[in-house]
Structures are given as C-alpha cells and as structure tokens.
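The stops below go from the whole chain to single residues.

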Amino acid sequence: MLIGGMPFGASAAESVVIGAINPLTGTNAVQGRDMKRGEELALDEINAAGGINGRPLKIIWEDTQSNADQGMQAVRKLVEEDKVPLIIGSYSSAVSLPTGQWTNSKKVIQISVASTAPELRQIGPYFFNVIGLDEVMGIKLAEFALESDAQTYASLVVDNPFGLGIEVWTEKTIKKAGRQWIEALRYKENLDDYKPVIENLFSKKPEVVFLTAYGTDAKLILEQAHNMGLTPSKGWYADYMTMWYHDVVPEKAEGIKGLVVGRHSGSRFKHYQDAYWKKFGVAYQKLYQRPVMQTAFGAYAYDATWIAALALKLAASTNTDEIAKALHKVSSECDGATGDKSFDQDGMQVIEYYQRMVYQDGRLVPDK
C-alpha cells in the first residue's frame with residue numbers, strides 16, 4: 001500500500017480507488033442496500049463534477065453479511081489486496097468496532113456510516129463517524145418517552161455495543177427524571193423464538209418499553225409480543241426506526257413511537273431526496289423487480305462518500321495522515337444531506353438531528 005503518499009497527478013486516467021463495506025445480505029440487508037445506493041448517487045455526482053483532481057473516483061463494494069466476521073474479511077481484502085487508503089462503512093457498531101480497530105492499526109481511514117456505540121470514540125486517529133453516538137439518541141428517546149407520564153420503564157436491546165449504549169443512556173435519563181426503571185433485557189440476534197425474553201420483559205408490567213432491534217429480529221419480537229397480547233400500556237419507544245419499519249408486519253407494530261435520524265430540513269437533504277428518487281425510482285424497480293426501500297442510512301452513506309471525496313481532493317495524496325487532517329478541515333465546511341457534518345477531535349459527529357415519528361398503517365409519520 002502506498003501509505004507514504006502517491007500524488008494524484010501521476011496519471012489523469014487512473015482512478016482513485018476507495019472501499020465500502022455494507023450489509024448487502026443478512027439481517028440488515030435493507031439498510032445496507034440503501035447505504036450502497038447513497039454511495040452510488042454520491043459517486044455519480046463526484047465524477048460528474050470532475051472526480052478527484054481530474055481523476056475518476058472508484059468504489060469497491062464488499063458485503064459484511066450483517067456480521068463482524070465477514071466484516072473483518074471484507075476490510076482485510078480491501079486493504080491487503082485492493083490497497084485502498086480509505087473505507088466507507090459500516091452499519092452496526094458490532095461490525096465497525098473490530099473493523100475500525102484493525103484498519104486504524106494499519107493506518108487506513110475508515111468512515112463509519114451507521115454505527116453509534118460510544119466506544120467508537122476510542123478507536124484512534126484514522127477512524128471517523130458521520131452519525132451521532134448513542135448518548136445523544138438515548139437521552140433524546142428517553143425525553144420523548146417521559147412525556148407519556150409513565151412511571152415505570154424497561155428496555156429490550158440487541159446484545160452488542162450499540163444496544164448497550166442505548167440501554168445505558170435511556171436508563172440514566174429515566175432515573176435522573178425520578179421515574180422507576182424496572183428491567184434492562186438484552187436479546188441475541190437471529191434467534192427463531194423470542195417468547196421467553198418477551199415474557200420476562202412484561203412480567204413486571206412496565207408502562208413503557210424501549211426497543212433497540214435490527215430489521216428481521218424486530219419483526220419477530222413485535223409479532224410474537226403482539227400474538228401473546230403483551231403491549232406496554234404507554235407504548236413502545238424505538239430508536240432508529242428505519243432499521244426495521246420496512247420489515248415488520250404493520251398491524252404488529254402499529255402505534256410505536258420513536259426517533260428517526262437524518263431527516264434534516266436543509267436544501268442539501270431536499271437535493272438528496274430528489275436525486276435519489278430520480279435515480280432509484282421506477283428504473284430501479286424494473287431492474288431488480290422489487291420496490292426501493294429507503295432508510296435514513298442512505299443519506300449518511302451519501303454524506304460519507306462526499307466528505308471522503310473532498311478530503312481526498314484536498315490531500316491530493318494517498319497519505320492517510322494527510323487525508324485524516326483533510327477530513328477534519330472539510331467536515332467543518334460541509335453541509336450534508338443529514339446536516340452539519342463537523343467532526344470533533346476524536347473524529348465523531350458534533351451535532352445530530354432527530355425527528356419524532358409514529359408507526360401508522362405501515363408508514364412512519366411525524367408525531368403530533
């Protein structure tokens with residue numbers, strides 16, 4: 001790998017190559033495919049604008065299959081075989097923590113798109129993240145639920161760093177407000193039956209339950225709870241609702257409230273939405289014989305790709321120390337589709353935007 005720094009002026013025809021790791025199959029495939037669409041859209045725009053100092057940008061995509069082991073195989077391939085200086089992705093802190101720690105040890109830049117565990121902050125100077133961490137989401141979600149006037153609260157979260165981060169910050173916020181925290185339960189991914197953990201969850205009759213669950217897992221958890229007649233009296237409250245709303249059976253999730261990220265009101269978000277549907281609307285459905293399933297995370301992937309391109313252009317080299325320095329500079333000047341993209345000294349997002357939503361008739365609509 002040319003970490004020492006190859007100037008981009010070496011060959012006008014030669015592409016600048018970076019990598020991307022997304023869950024294109026597995027539990028989180030809906031989100032991963034949407035992330036890839038966001039990256040594809042940004043790539044088209046970047047190259048139409050002249051690429052990286054006159055050279056076309058190229059992305060090599062790898063599938064994490066929604067698990068950490070495959071994620072590690074993906075980054076090893078991109079770094080050791082493809083010699084990329086920068087990788088975009090991935091989805092899930094359980095994937096981004098080990099992949100980020102490894103790429104950081106190799107002095108390769110990684111820009112996480114949809115991972116939020118607070119531990120990401122400790123990875124190192126070559127790791128960046130374009131979405132707010134769990135402490136911000138956990139506090140905001142708990143504040144939303146507190147408006148229900150419920151006195152008793154519980155949580156069910158995926159048993160990984162992401163889920164635990166949400167658990168910690170919702171619990172802290174509820175207790176700080178003087179309300180009763182009853183239970184914090186964690187579930188293992190990809191099980192065929194969640195009835196035992198659901199029974200345990202509702203045995204103490206919490207009025208509000210916080211849910212942190214990935215797509216197909218959320219579908220089964222909510223379906224089984226509904227079929228068992230177990231519903232919190234003041235409702236479910238969920239973070240990152242676009243993780244699962246395409247997967248669930250509508251009547252099993254009716255009325256769930258929560259937060260959605262990436263719904264910024266600025267002109268850049270409108271541009272992204274217009275360009276997204278122009279590129280991936282009818283044509284995509286005809287090509288793949290399935291409807292486009294948009295999530296919040298495509299816009300974050302779009303922003304990550306643009307920030308990467310701007311940093312590569314400024315650095316004018318594959319020297320990853322220069323790219324890292326450039327990322328801090330361009331992020332402070334970048335108004336992304338998902339809002340202000342400024343990195344702090346640890347490469348984490350300074351600001352995040354949330355919209356309160358409710359699941360009704362198979363759709364997410366703004367909470368009134």
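Helices here are DSSP runs of H or I with at least four residues, strands are runs of E with at least two, and both are numbered from the N terminus. Counted this way, the chain has 12 helices and 14 strands. Keep in mind that this is a predicted model.

**Whole chain**

Start with the C-alpha trace, which spans about 65 × 45 × 35 Å along its principal axes. A compact globule of 368 residues would have a radius of gyration near 21 Å, and the chain agrees because its own value is 21 Å. Of the 368 residues, 58% count as buried. Among contacts with a separation of 6 or more, 71% are between residues 24 or more positions apart.

**Helices α9 and α11**

Select residues 267–280 for helix α9 and 297–315 for helix α11. Two packed helices are described by the angle between their axes and the distance between the axes. For this pair the angle is about 105° and the axes are 11 Å apart. Angles of 65 to 115 degrees count as roughly perpendicular, and α9 and α11 are therefore roughly perpendicular to each other.

Next, show side chains where the two helices meet. On α9, pick R268, H271 and Y272; on α11, pick G298, A299, Y302 and W306. The residues of this contact divide into 4 nonpolar, 2 polar and 1 charged.

**Backbone stops**

The remaining selections concern backbone geometry. Most residues other than glycine have a negative phi, and most peptide bonds are trans.

S66 is not a glycine, yet its phi is positive, about 65°. Is S66 buried or exposed? Buried means under 20% relative accessible area, so S66, at 14%, counts as buried.

Move on to the loop between β3 (86–88) and α3 (93–105), which holds S90. Select G89 along with S90: a cis peptide bond joins the two, with omega about 20°.

For the last stop, select Y240 in the loop between β9 (235–238) and α8 (250–253). Y240 also has a positive phi, about 45°, although it is not a glycine. With a relative accessible area of 3%, Y240 is buried.

How values were computed
Residues numbered from 1 in each chain as written. Predicted model: local features only at pLDDT ≥ 70, side-chain atom pairs only at ≥ 80, totals over all residues. Heavy atoms only, no water. Axes fitted to C-alpha atoms, helices over the stretch in contact; angles between N-to-C directions. Parallel < 35°, antiparallel > 145°, perpendicular 65-115°, else oblique. Contact = heavy atoms within 4.5 Å. Nonpolar A, V, L, I, M, F, W, Y, C, P; charged D, E, K, R; others polar. Rg over C-alpha atoms; globule rule 2.2 N^0.38 Å. Buried < 20%, exposed > 50% of the residue type's maximum accessible area, 1.4 Å probe, protein only.
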